[in-house]
Amino acid sequence: MGQQTWEGTCHCGRTRFQITADIDHIRICDCTICYQRGALNFRVEDAQFTLLTPLSDLSLYEWGTGTAKDYFCKTCGILPFRRPRRVTAQEAANSSRNIFTGWAINARCLKGLDTSTLPIHHVHASKLPLPDDQQ
Ligand SMILES: [Zn+2]
């Protein structure tokens, strides 16, 4: 598909954002919150994400270690994006995995993206040694 800019909104349009990315797969995560909301995720780094409406306009849900940030539209209740859990410096030092610091985007909020044509990567966050919100 190649690198392109995607427009994103929640259901009611109160929350608007853009990402610039080559969306070549979709992540399905089995952590508790992704499982319950049926999330189709795509991850982007901070530099790929542009918020067009204020973050303070959304409701924030924090759970688990309190470092993951789940943002919900106050009007329609859709979760257009979230901050995955942040690892501690100690965990980063002990981990051989790449430490991700960007955003997990709700791929279903991207206008014109046909998620049914993309390869699915199943992510088993619930089985990681870290707490289960590292989706
Ligand atoms: Zn909304």
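**The zinc site and what surrounds it**

Modeller: The zinc ion is coordinated by Cys10 (SG), Cys12 (SG), Cys73 (SG) and Cys76 (SG), at 2.3 to 2.4 Å. Donors are N, O and S atoms within 2.8 Å of the metal (3.2 Å for Na, K and Ca), and because water is not among the atoms, sites may look incomplete. This is a predicted model, in which local features need pLDDT of at least 70 and side-chain atom pairs count only at pLDDT 80 or more, while totals for chains, interfaces and linings use all residues. Residues are numbered from 1 along each chain as its sequence is written, and side-chain values use heavy atoms, with hydrogens and water left out.

Biologist: What makes the arrangement around the zinc ion tetrahedral?

Modeller: Four donors count as tetrahedral if all angles lie between 85 and 135 degrees. The 4 donor atoms here subtend angles of 107 to 118°, and therefore the arrangement is tetrahedral. Along the chain, these donors follow the spacing C-x1-C-x60-C-x2-C.

Biologist: How do you know whether Cys73 is buried or exposed?

Modeller: Buried means under 20% relative accessible area, exposed means over 50%, and partly exposed lies in between (1.4 Å probe, protein chains only). Cys73 has a relative accessible area of 3%, so Cys73 is buried. Cys76, by contrast, has 25% relative accessibility and therefore counts as partly exposed.

Biologist: Why are Phe49 and Phe81 called an edge-to-face pair?

Modeller: A pair of aromatic rings is described by the distance of the centres and the angle of the planes. Rings of Phe, Tyr and Trp (its six-membered ring) pair if their centres lie within 6.5 Å, and planes under 30 degrees apart count as stacked, over 60 as edge-to-face and the rest as tilted. By this rule the count comes to 7 aromatic pairs. For Phe49 and Phe81 the centres are 5.1 Å apart and the planes stand at 75°, so the pair is edge-to-face. This pair links distant parts of the chain, since Phe49 is in strand 5 and Phe81 in strand 8, 32 residues apart. Both Phe49 and Phe81 are buried, and ring pairs link Phe17, Phe49, Tyr71, Phe81 and Trp103 into a cluster.

Biologist: How do you know that strand 8 and strand 9 pair?

Modeller: Strands (E, at least two residues) are DSSP runs, numbered from the N terminus, and two strands pair if DSSP finds at least two bridges between them. Strand 8 (residues 81-83) and strand 9 pair in the antiparallel sense over 2 bridges, and the bridge partner of Phe81 in strand 9 is Ile105. Strand 4 (residues 41-44) also pairs with strand 9 in the antiparallel sense, over 4 bridges, with Val44 opposite Trp103.

Biologist: What makes Arg82 count as buried, and which side chain does the side chain of Arg82 contact?

Modeller: Arg82 lies in strand 8, and at 0% relative accessibility Arg82 counts as buried. A polar contact is a pair of N or O atoms within 3.5 Å; within protein, one must be able to donate a hydrogen and the other to accept it, and residues adjacent in sequence count only if both atoms are side-chain atoms. The side chain of Arg82 makes such a contact with the side chain of Asp70, at 2.4 Å. Arg83, also placed in strand 8, has a relative accessible area of 15% and is therefore buried.

Methods
Four donors count as tetrahedral if all angles lie between 85 and 135 degrees; four count as square planar and six as octahedral if opposite donors are over 155 degrees apart and all others between 65 and 115; anything else is irregular.
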